Amino acid sequence: MAPVLVFWSFALLLALLALPIAARIFRRFPDAGAGLAFPLGLMLCGYGYFLLRTIEVLPHGRGGFLLAFAGFALISAAVAATDRRFIATLRRSSTGIIASFALFTVAFFAYAAFRSYNSGISGTEQPMDFLFLNAMLASPSYPPADPWLAGHNVSYYYFGYLQSALLTGASGVEPSIGYNLGLATVFASAAAAVASVCAALVRWVVRRERQRATLTAAALGVALLLFSGSLLGVFEFAAAHERYNTGLYEAFGVESLLPCEPGQAEACYAGPTNPRTQSWYPDEFWFWWRASRVIPDTITEFPAFSFILGDLHPHVMALPGVILAVAIALALWRGRSALDWRALRRGPLIGLLLALVFGGLAFQNTWDVLTFSAVLAGAVLARNWRVFPPGQAMLASAAFLALPAAAAVVLYSPWWLDFGTAAGGLHAYTGRGTIPAHAFLQFGTLILAALLVVFWAARRAPAHAAVTPALYAIWVPIIAFAMWALLAAFRGDWSTAAQERTAGGWTTLLLLGLALWALCTTAIVLHLRRSAGAPVAFLAAVGVLLLYGAELLLIRDVFFGSVPRLNTMFKLSYQAWVLLSIAGAVAFVAAISEPRRRNLAAHLAAAPVALLLVLSFAYVAGAVPNRTNGFGNETNIDGLAFLARNDPDEYALTRWIASNTPPGAVIIEASGRRWQAGDDGPTLQPGGVEYTDAGRIASRTGRLAPIGWYFHQVQWRGDNTANREEFSRRQDLVDGVYLAGSQEEALAAIAELGAGYVVMGRLEQARYPSQHRTDFDAFLDVAFEAGDLRVYRVPRVEEVPVS
Amino acid sequence: MTVRSRAGESAQGITVSAAAIAWIALGALLLVPRLAAVWQLPVGGSEWLHLSGAWNATLGVDDDRFVPSLFQALSALLLSIDASETLPRLLAFIATATVPVALYMLRPQLGEAGALLALLLLALDAPAAWLGVAASASAFDVAIALWFFVLLVRPGAPWWLWPIAAFGVATAGPVPLALAIAAGGLALFRGRRPDPQLTAAVIGAAMLGIVLASFGFGYGWQGVAVPPFVLFAEPFEQHWTTGTVADVLLLYSWPLVFGGVVAAVLSALRWDQAGSHPGAPLAWERLLVAWFAVAVAWMLVASNTRAEAPLVAATLPAALLAGLWLARAFDAMFAVRWHQAWLLLGVAFFVFALAAIVVVDWARWDRVGEGGEVARVAILGVATIAILAFLAFYRPARPVLIVPVVALGAVPLISGAFNVGFGAYAEPFPSPQSPVNARVLSAVVLDVLEETPGPVVVHESLRDEVTWPFRETTPLIIATRVPPDAAVAILPAGADQPQGMAPIDGDWALVHHVEQPTTGILRYVRWLTDRKHTDVHPEPVQVFVRDSE
């Protein structure tokens, strides 16, 4: 419990330190931005640490993290001092501030408790996440070294890991605990941040019963973002209790939940039946995974799924940061002055903040920077539109945004220089498209909730007032569609694109296009009437635009040949979930806060949405007990406790390496490839090394391995011949060390890899046949021994003068 | 408390004030044990590492133990003149000798009595005494921090002192860093806008210090190095002392830190009072509280690390705060109704003494007594607390509570300061130490080499321990395996005997650790009453020589 408390204290401390800055930007928020102070503190302090480590001012280790905290405290003091209204803001918003910190605390401990039932860092891409966390903590220099490719820096968007490392390092908890508490911090920060934004929006939108509406919107925002899930959860519950209605299942495209017919082996349920579950919830192993794969050939992950799975991925860690970005955009929109270059001159700090936060989005999860910069640009433009004529508003907005954009590139240049993207340009999506049933299951609840803003707006403007805005707004879906058509034609895919898309695909496209049109029209109408509801409609429109866009366009990456829109749909729908959660929560509360007799339509529309909202929580209701075995698992917050329990020798070996080898040490461990004994020597077996224990020592200690997961390196550094050859060469060298014909061969390979240690752990014993294995005892020093596992040290001789 | 007493109505009319006598006496109390420590203190703790680093710097050997603080650089320079630790320690002592002067200059703030009491407390703080005389990289820290505080709180300082202070802080250890952060934070919070030229000069001086440190003050490029940052950070990764900060605090400095906390709370309680209120703390007192708060935060965060500086960073402002409030408390004692207070105090002492005698007896046998005995001690303890609580609630007598508190705190402070200062055997601080045995071993090795010339091989795990005792001997081969031509091999205990070599008999050790008696209250009491009752744990090594046959 002590590490959890210490970690939580540091998270809270960082938020307190960020509060003066948050209060200055979000003065008009009910909590003075306290809920947003968590991501803000992490981003700003994290950036300071990154920069000062890069220029070698801050030392490696816990002391460096603490010094970053101290430096941030000084900045915080300076900001508080120059804000004459700071104390008054704190007093006015004290209830909101306390509520935000309380919400963070409750969410943090609740998630930590949940995670403790399933704390193991193993499976899926968790070893990779742990690797990056350890890289941030252990790297002797910055930008951090890549522990899965010794001699190279990390080529990934790793700001989220750095932020988790900041709290882990400063609080001094073990990285394997910091991993799980980092997840808890992200969960709690996202909760506090979304509550803050929803509360602010509702307070601006709803005039009556503000206190109740504020609380309801904050709670609903948290619920929609973090607890609502795919409506597949309802079918999962029904199927688990063997309530089958074949027609309904087929109508919703979830017939794979039905039991297999005789002779059927795929796309059906083949597990035990009668009963199908032993509990009140579905107890099928990882049933909840299916909800992230509802739309074929895509990943349709959503926050609740992410937190149940427990991968510390960039898009998950970015959640609080993107909500912060949205909040900044909203604060600027609701500001009182024009946003042009003069605004930057008057308040250069806002420019710096924009550069740090929005530049940080790219560093955190590169996909986010375009979307949320667009949200910012839209907000700035909307603000200026109230002050200037359209042309001048655009110029002023461009002038306001240009400098922070340039500064963002410069400020994060140490990272950009190392970052190699695998993205290969914009392409038209030429597949079947998403059928309406699947789109409804995944996004229906949120889209319909967000569309309530249209009903809410209907009372605020006469129908004829919407005609001109509608004529402008129609161009948004049309331009996106035209881009698709042009790109398809340009790349010669037009006929394929037109033929492949099914009727269901066209229908979904049309429905999303209509929703987008309606929301864009609403946003313009409300903005022209200076309504505080305009930002809500705008956020909803951007959310739907992302889903609409994912039906039309894609970013080419390494999956282009097989599942082309996998990542595009995954990343864009995740962003849409955030935006629609905020807009949906506010729109729902706004709709039901209307006097019923004045806006019956809004109330009537809200009723089915309310039902859908309730049904969307079925997913979490089933997944949480499933993940924890009905809260029957042994609890431990240490992510390596499973290893200590299952293989104490391997655990001891790992701990020894973490404690006794220098941070930049190159340590040879199994490449992960399988070798089989043969009369003519060992033979390589087919099979990849991804998602296995390959690179586990590097992952668990941050020490450098010559090569880790091969294909992940390809993804991070680009799929080209030179990279593949280099990665293969390293695999060959590593395998050559373990299967060397002679000492000289082994030593030559070790020297070429620049390694100081060789691991003979459980994986090495499994991958390299014993009869062909190099006899390291003969020529290396045994540095550590536990059972039959060893760490060898390459002998060293060095002359030291003494006088 | 500016009582001036005439030292006799002499014919010459020379008068010596009581305060002057006190300044001289307390100055001597601070300096004399420290001067003795220059020669008597065993080389240990971070001093050992930093002396090793400085020594290697003089030889041009790249060594992480050389942290380029100004003192380290000067220390290396002095080691090239004389290979013993004496000259660097004398240099540290000279800096420490200015501490009474700095406190003397703080009289307008602390008051005469407050400054004197602060001097007394600093003199009795064992870790501060050690840091002020040991040749660690942070040896200038106490003096620099104190002078920096003087500069911050004394009005009308000449401008050129600020760049000097900035240079000093930038090239010192981490102790002044806590003050710099507190001062910076308060200044920023108050929205002070310093003179741009002065700011430029201060930043320039700090940058100069960082540049010089990065070049190792001439001992080679160290990478970008900010010595206070490096020395702040390193203890989190390395073990410089046997005991943790918490251990050393419990053994030596708890009365001071406790007093500092109480004093800081008393000051902070008046924080909100209007500035015009006569009792409201002035800016310097707020700075002192902020300094102490930052230092205590650091000490708490670093409580499980093994270094000296985090504790000294806290005891230094604690001494000033406690001195200030002790003086105020003593003033208040004049108004006490002594005739009632004495009686109660006397009873409390008597009851406490009865309980203490039993507890000391338990400590001697390392076991708690029978049930009846425990009950008696508990009753006596409760009775003591009850009497003191009564005094606390009885407003006219409340200030006398300071008497038992001071009496209780004085025991560990006085015994600690003198035992550490005079290098008492088996004192838990500093530890680990470089034993005499290690120097003997280096002499033995030299003798062996006269008969059997060849390389001296030292196992890599002993690399750090061997530098200091083997300085001025012969080049060493640091290796993980003994090469066949080795004349002497020094290996960890339990290592296999190298082929063709024979062991040299003897209990050899390159390092020994002194047990930290903090495992329980009885263990602590036993140590407090019988100082020598600590175990010394040498880390044995084996020494092999080439078999002449």
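Mentor: One term to begin with: two residues are in contact if their C-beta atoms, placed from the backbone, lie within 7 Å. This is a predicted model, where local features need pLDDT of at least 70, side-chain atom pairs count only at pLDDT 80 or more, and totals for chains, interfaces and linings use all residues. Residues are numbered from 1 along each chain as its sequence is written, while chains are lettered from A and ligands numbered from 1 in the order in which they are written.

Trainee: How many residues of chain A are in contact with chain B?
Mentor: 30 residues of chain A, and they meet 34 residues of chain B.

Trainee: Which element gives the largest share on the chain A side?
Mentor: H3(A), with 13 residues. Helix H3 spans 62-82, and strand S9 (797-800) of chain A also gives two or more residues. Helices (H or I, at least four residues) and strands (E, at least two) are DSSP runs, numbered from the N terminus.

Trainee: And what does S9(A) pair with?
Mentor: Strand S2 (residues 476-479) of chain B, in the antiparallel sense, over four bridges. Two strands pair if DSSP finds at least two bridges between them. In S2(B), B:Ala479 is the bridge partner of A:Val797.

Trainee: New topic. What is the strand order in the open sheet of chain A?
Mentor: S3-S6-S8-S7, four strands with mixed pairing. Strands S3 (667-668) and S7 (781-786) of chain A stand at the edges with a single partner strand each, so one side of each has no neighbour in the sheet.

Trainee: How many bridges link S6 and S8 of chain A?
Mentor: Four, in the antiparallel sense; S6 covers residues 757-760 and S8 covers residues 789-793. A:Val759 stands opposite A:Val791 in S8(A).

Trainee: Which strands does helix H30 of chain A lie across?
Mentor: S3, S7 and S8 of chain A. H30 (residues 648-660) runs at about 25° to S8(A). Axes are lines fitted to C-alpha atoms, for helices over the stretch in contact, and angles run from 0 to 180 degrees between N-to-C directions.

Trainee: Last one. At what angle do H24 and H25 of chain A cross?
Mentor: Roughly 155°, with the axes of H24 (residues 503-528) and H25 (residues 534-552) coming within 8 Å. H24(A) and H25(A) are therefore roughly antiparallel to each other; that label takes angles over 145 degrees. Residues making the contact include A:Leu512 and A:Leu516 of H24(A) and A:Phe538 and A:Val544 of H25(A).

Terms used: Angles under 35 degrees count as roughly parallel, over 145 as roughly antiparallel, 65 to 115 as roughly perpendicular and the rest as oblique.
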